[in-house]
Amino acid sequence: MNRLFGRGNTAPKPSLNDAIGSIDERVGSLDVKLTKINSELSTYQQKMSRMRDGPGKSALKQKALKLLRQRKQIEAQRDQLESQSWNMTQAQMTTENLKNTMITVDAMKTTNKALKQQYGKIDIDKIEDLQDEMLDLIEKSNDLQEALSTNIGDVDDISESELDAELDALGEEMEFERELGESTGGLPSYLEETELPKFIDEPEEPQKEAAA
């Protein structure tokens with residue numbers, strides 16, 4: 001059967017990139033032809049500008065008209081190819097955007113699946129109980145720190161009336177000691193029988209004159 005009908009075409013089908021590249025090559029070849037035609041038209045124009053009217057000038061005009069028609073046909077073909085290339089480029093961009101979108105969607109699906117698996121292992125009630133237990137521990141720690149920082153016999157516990165009474169008692173004690181000192185020779189009781197230190201040296205006795 002293969003000998004009669006031949007084998008099927010197994011060559012890979014051209015991609016959009018291949019098609020766009022082929023069109024760009026054709027546009028490039030048309031640009032070369034247009035450049036050549038424009039150069040020839042410029043040459044004819046220069047020649048006709050120096051010629052007088054006559055058969056020779058008319059022949060050059062006919063050649064110039066023929067080149068001008070060719071240029072218009074080539075320009076129209078070129079514009080058509082550029083339009084095709086642009087359409088295929090737009091289709092390629094749309095295809096690439098669709099591929100990127102599908103990749104993003106697949107990634108989101110995979111991520112959501114992983115998140116559901118992870119969150120499925122979490123017990124919200126246990127987390128709330130753990131948080132309550134942590135708050136209780138923090139509160140107990142604060143109470144302990146406050147208890148340890150309390151001063152024993154804090155002076156703030158003494159009222160103003162107690163302070164006034166204590167000052168009055170000290171004043172009476174000092175007045176009593178002052179009166180007692182006056183009655184005993186001006187010295188306080190705790191200094192009466194105490195020998196005071198001698199801060200001034202006693203005067204030396206005069207030496208007797210030696211016998212003659």
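**Figure 1. Ser85 and the residues that Ser85 touches**. Leaving out residues up to four places away in sequence, Ser85 is in touch with Ile20, Ile23 and Asp24, where contact means heavy atoms within 4.5 Å. This is a predicted model, in which local features need pLDDT of at least 70 and side-chain atom pairs count only at pLDDT 80 or more, while totals for chains, interfaces and linings use all residues. Residues are numbered from 1 along each chain as its sequence is written, and side-chain values use heavy atoms, with hydrogens and water left out. Ser85 sits in helix H3; helices (H or I, at least four residues) and strands (E, at least two) are DSSP runs, numbered from the N terminus. Ser85 counts as buried because its relative accessibility is 10% (buried is under 20% relative accessible area, exposed over 50%, partly exposed in between, with a 1.4 Å probe and protein chains only).

**Figure 2. Gln92 in helix H3**. Here Gln92 meets Leu16, Asn17 and Ile20, once its neighbours within four places in sequence are set aside. With a relative accessible area of 18%, Gln92 is buried.

**Figure 3. A nonpolar patch on the surface**. Take a look at Leu115, Tyr119, Ile122, Ile124 and Ile127, which together have about 510 Å² of accessible area (Shrake-Rupley method, 1.4 Å probe; for residues, only the protein chains shown count as cover). Helix H3 (55–120) and helix H4 (124–148) are the elements that give two or more residues to this patch. Patch members have over 30% relative accessible area and no salt bridge; nonpolar side chains (Val, Leu, Ile, Met, Phe, Trp, Tyr) are joined within 5 Å, and like charges within 9 Å. A salt bridge is a side-chain nitrogen of Lys or Arg within 4 Å of a carboxyl oxygen of Asp or Glu. Leu115, part of helix H3, is partly exposed at 41% relative accessibility.

**Figure 4. A patch of negative charge on the surface**. Asp and Glu count as negative, Lys and Arg as positive, and His and the chain ends are not counted; each charge is placed at CG of Asp, CD of Glu, NZ of Lys or CZ of Arg. Glu146 belongs to helix H4 and, at 55% relative accessibility, is exposed.
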